[in-house]
Amino acid sequence: MLRTLRRALRPARLRIPARRFSAGIAALPPTAREALGTDITAEEAIAYNRSRVATATAVALYRTGYTLPMRDLDLDDAVHALDFPYSVPSQETRAAIRAALAVLDGDYTVTVTH
């Protein structure tokens, strides 16, 4: 019983399976139109799509061991490797990728398993 209680009191851990970082490996989240419908504003669509690119890219980078700081060109290459349809991510998207990567890296409950 003591073991059961100890397990219940341990902080939860989020495990991310490690995979090689290459094009097409990550399932991409739905676009703003697919997720939110057609009644969204342009600003909402831009914010959603920027967040989806940033989150998917940060998770892929984290899975493969990349950490901050990262150059803009490296972030651009990561976005292209995931087949996002943008030729060059904006400064705001790069900042969002860095923020999401910092959150993953800073949270002790997130670990990558091999």
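Modeller: This is a predicted model. To start with the charged groups, a network of salt bridges links Asp-72, Asp-76, Arg-94 and Arg-98.

Biologist: How many salt bridges are there by this rule?

Modeller: Side chains of opposite charge can pair when their charged atoms come close. The cut-off for a salt bridge is a side-chain nitrogen of Lys or Arg within 4 Å of a carboxyl oxygen of Asp or Glu. By this rule the count is four.

Biologist: Which residue forms a salt bridge with Arg-94, and how far apart are the closest N and O atoms?

Modeller: Arg-94 counts as buried because its relative accessibility is 7%, under the 20% cut-off. The partner is Asp-72, with the closest N and O atoms 4.0 Å apart.

Biologist: Which parts of the chain does the salt bridge between Asp-72 and Arg-98 link, and how many residues apart are they?

Modeller: In this salt bridge the N to O distance is 2.7 Å. Arg-98 is partly exposed, as its relative accessible area is 24%. The salt bridge of Asp-72 and Arg-98 links distant parts of the chain, helix H4 and helix H5, with the two residues 26 residues apart.

Biologist: Asp-74 forms a salt bridge with Arg-71. Is Arg-71 buried or exposed?

Modeller: The closest N and O atoms of Asp-74 and Arg-71 are 3.1 Å apart. Asp-74 has 28% relative accessibility and therefore counts as partly exposed. For Arg-71 the relative accessibility is 52%, and the cut-off for exposed is over 50%. Arg-71 therefore counts as exposed.

Biologist: Arg-52 is buried yet has no salt bridge. Which backbone oxygen does its side chain reach, and at what distance?

Modeller: Arg-52 lies in helix H3, residues 42-63. The nearest side chain of opposite charge is Glu-34, 5.8 Å away, whereas a salt bridge needs the atoms within 4 Å. Leaving out residues up to four places away in sequence, Arg-52 touches Leu-28, Pro-29, Pro-30, Thr-31 and Phe-84. The side chain reaches a backbone oxygen at 3.0 Å, that of Pro-29.

Biologist: What span is expected for H3 at 1.5 Å a residue?

Modeller: H3 has 22 residues, and the expected span is 1.5 Å times one less than that number. Its buried residues include Ala-45, Asn-49, Arg-52 and Val-53. From the first C-alpha to the last, H3 reaches 32 Å, close to the expected 32 Å.

Biologist: Within what arc do the buried residues of H5 fall, seen down its axis?

Modeller: The 16 residues of H5, residues 91-106, should span 22 Å at 1.5 Å a residue, and the end C-alpha atoms are 22 Å apart, which agrees. Thr-93, Arg-94, Ile-97, Ala-100, Leu-101 and Leu-104 are buried in this helix. On the other side of H5, Val-103 and Gly-106 are exposed. The buried residues line one face of the helix, because seen down the axis of H5 they fall within an arc of 125°.

Technical notes
Residues numbered from 1 in each chain as written. Predicted model: local features only at pLDDT ≥ 70, side-chain atom pairs only at ≥ 80, totals over all residues. Heavy atoms only, no water. Helix = DSSP H or I, 4+ residues; strand = E, 2+ residues; numbered from the N terminus. Buried < 20%, exposed > 50% of the residue type's maximum accessible area, 1.4 Å probe, protein only. Lys, Arg positive; Asp, Glu negative; His and termini not counted. Polar contact = N/O pair within 3.5 Å; in protein donor to acceptor, adjacent residues only side chain to side chain. Contact = heavy atoms within 4.5 Å. Arc of directions from axis to C-beta.
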